[in-house]
Amino acid sequence: MARRQYGDFLRQLYGCKVQKLNVNAGFTCPNRDGTLGWGGCTYCNNASFTPAFGLAPASVTQQLLNAKKFYARKYNDVKYVAYFQSFTNTYASVGRLQELYDEALAVDDVVGLVISTRPDCLSAEVIDLLHNVNEKHKVIVEIGVETAHDRTLQLINRCHSWQCAQDAINRVAGAGLPVGVHLILGLPGESEEDMKATVEAISKLPVATIKFHQLQVLRGTRLAQQWESAEVRLLDWSPQNYAEVCRQLISLLPDGIVVERLVSSAPRELLLHPRWGLKPAQFKSLFDDLC
């Protein structure tokens, strides 16, 4: 049986075709502002995944209106989901989070939210808020897990443990919210067996969707300094190698977990390694040839 596609998952959840609209609400992270640590994750350059219409200092409303205008040229008869993507989107007071989420949902044709966050920024009060919003507007909570190995989490300055991630996934799912997880493949010091162990651990948890990302070395990051100085060694795999690893990892997942993404694509001017020169659609074709 073919695995369910992410678009079908969204259509079933929201009852219609939806397009995600990225929002930059001006958050930071506890491993960036000194609460838990400084500098953020060693690999993180937020500009690599924030669309141009989310970089300008604009309100949530204006960002969504700009994004709607962009996608209106591409799609007809579609509703929208506000995707709070940049940094940690539950890292504020409950009152402030309520204001931001309500502002997004007040925009015409925005029917739900996708909230990207860290496992250590999901207090009981925040989960209660998300549960209450979910009563009227479906909310997906995406949690940056990255790996199940504490030694790696420490090395990349995540400032949380694998146990923390497991606990967050269970508590969010227990509140009736679909959970998406992000995993990074090829983190410093990890073997393919380590990645398989992470996926096997995720498979035992109440996860609805999963994103795989190959580790990318981006300008302006601590990882770039470490890589250039040979402080850390990274896997030097080809697109074909990576596609085969993805195929093996997906085979470990239960059929109920929807794979949203296999590969990430940073702006060329930021990307140092690996420079495959493939667009996501080209990689998908390569992956499909293996399956």
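Two strands are taken to pair if DSSP finds at least two bridges between them. The legends below describe close-up views of a predicted model.

**View 1. The open sheet of seven strands.** The strands follow the order β1-β2-β3-β4-β5-β6-β8, and their pairing is parallel. At the edges stand β1 (18-23) and β8, each with a single partner strand, so one side of each lacks a neighbour in the sheet. Direction ignored, neighbouring strands of this sheet are turned against each other by 25° on average.

View 2. Six bridges connect β1 and β2 in the parallel sense. One of the contacts between the two strands involves Q19, whose bridge partner in β2 is Y80. In a regular strand, side chains alternate between the two faces of the sheet. In β1, V18, K20 and N22 point one way, whereas Q19, L21 and V23 point the other way, and all are buried. With six of its six residues buried, β1 is therefore largely enclosed by the rest of the structure.

**View 3. Strands β2 and β3 with helix α3.** Strand β2 (residues 79-84) runs parallel to strand β3 (residues 110-117), and five bridges join them. F84 has I115 as its bridge partner in β3. Helix α3 (residues 94-105) lies across both β2 and β3, and runs at about 145° to β3.

**View 4. Helix α9 and its buried side.** The 12 residues of helix α9 (residues 239-250) reach 16 Å from the first C-alpha to the last, close to the 16 Å expected at 1.5 Å a residue. Its buried residues are P239, Y242, A243, V245, C246, L249 and I250. These residues cover an arc of only 160° around the axis, which puts them on the same side of α9. Their packing partners are β5 (179-185), α7 (192-203), β6 (209-214), β8 (258-261) and α10 (280-290). Helix α9 lies across β5, β6 and β8, and runs at about 155° to β6.

View 5. Side chains of opposite charge can pair when their charged atoms come close. The side chains of R118 and D120 meet in a salt bridge of 2.7 Å, N to O. R118 is buried, with a relative accessible area of 3%, whereas D120 counts as partly exposed at 27% relative accessibility. In the salt bridge between E146 and R158, the closest N and O atoms are 3.7 Å apart. This pair links distant parts of the chain, 12 residues apart: E146 belongs to strand β4 (residues 139-146), and R158 to the loop between α5 (150-155) and α6 (162-174). E146 counts as buried at 7% relative accessibility, and R158 is buried with a relative accessible area of 5%.

View 6. R151 and D194 form a salt bridge in which the closest N and O atoms are 2.8 Å apart. Because R151 lies in helix α5 and D194 in helix α7, the pair ties together parts that are 43 residues apart in sequence. R151 counts as partly exposed at 48% relative accessibility, while D194 counts as buried at 14%.

Note on methods
Residues numbered from 1 in each chain as written. Predicted model: local features only at pLDDT ≥ 70, side-chain atom pairs only at ≥ 80, totals over all residues. Heavy atoms only, no water. Helix = DSSP H or I, 4+ residues; strand = E, 2+ residues; numbered from the N terminus. Expected span 1.5 Å × (residues − 1). Buried < 20%, exposed > 50% of the residue type's maximum accessible area, 1.4 Å probe, protein only. Arc of directions from axis to C-beta. Contact = heavy atoms within 4.5 Å. Axes fitted to C-alpha atoms, helices over the stretch in contact; angles between N-to-C directions. Salt bridge = Lys/Arg side-chain N within 4 Å of Asp/Glu carboxyl O.
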